[in-house]
Amino acid sequence: MPEHVKMLKDIEVDANKTSKPQLDEHQLEEIPIVIMESLHYTLPIKLSTWENGFTNHMTAIVDNLDMIRREIRVEIQTNYEMKCIHIEKIIAAERI
């Protein structure tokens, strides 16, 4: 019976997943600009990321940009935690 319950929960999670949004040309130009402004001027931004079918939103300040690894390190403003985010997972970056 526990396997059946787990299977039903997995089906519900899969049903809530979304496909990765396609970014238009304007969004592809705006995201790096907003990220660089946050890095240079220590400004908080709202980042939206997509991972495994789900979208996550956070308010953060960019601390470091690593183009070799293609990731940014951010300080999340809600709990002051440092987190690395792959650039490919970023779907939106907005000024606050």
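Trainee: Which residues is E71 in contact with, leaving aside its neighbours within four places in sequence?

Mentor: This is a predicted model, by the way. In it, E71 touches N64, L65 and D66, and also C84, I85, H86 and I87.

Trainee: Where does E71 sit, and is it buried or exposed?

Mentor: E71 belongs to strand β3. Buried means under 20% relative accessible area. E71 has 10%, so it counts as buried.

Trainee: What does the side chain of E71 make a polar contact with?

Mentor: Its partner is the side chain of R69, at 3.3 Å.

Trainee: Okay, let's zoom out. How do I read a sheet?

Mentor: Start with the general idea: strands of a sheet pair through backbone hydrogen bonds, and the pairing is either parallel or antiparallel. Here, five strands make an open sheet, ordered β4-β3-β2-β1-β5, with antiparallel pairing.

Trainee: Why is one side of β4 and of β5 left without a neighbour in the sheet?

Mentor: Because β4 (81-86) and β5 (90-95) stand at the edges, each has a single partner strand. And if you ignore direction, neighbouring strands of this sheet are turned by 45° against each other on average.

Trainee: How many bridges join β2 to β3?

Mentor: Six bridges link β2 (residues 54-66) with β3 (residues 71-76), and the two run antiparallel.

Trainee: Which strands does helix α2 lie across?

Mentor: Helix α2 (residues 25-41) lies across β1 (45-51), β2, β3 and β5. Against β5, helix α2 runs at about 55°.

Key
Residues are numbered from 1 along each chain as its sequence is written. This is a predicted model: local features need pLDDT of at least 70, side-chain atom pairs count only at pLDDT 80 or more; totals for chains, interfaces and linings use all residues. Side-chain values use heavy atoms; hydrogens and water are left out. Two strands pair if DSSP finds at least two bridges between them. Helices (H or I, at least four residues) and strands (E, at least two) are DSSP runs, numbered from the N terminus. Axes are lines fitted to C-alpha atoms, for helices over the stretch in contact, and angles run from 0 to 180 degrees between N-to-C directions. Contact means heavy atoms within 4.5 Å. Buried means under 20% relative accessible area, exposed over 50%, partly exposed in between (1.4 Å probe, protein chains only). A polar contact is a pair of N or O atoms within 3.5 Å; within protein, one must be able to donate a hydrogen and the other to accept it, and residues adjacent in sequence count only if both atoms are side-chain atoms.
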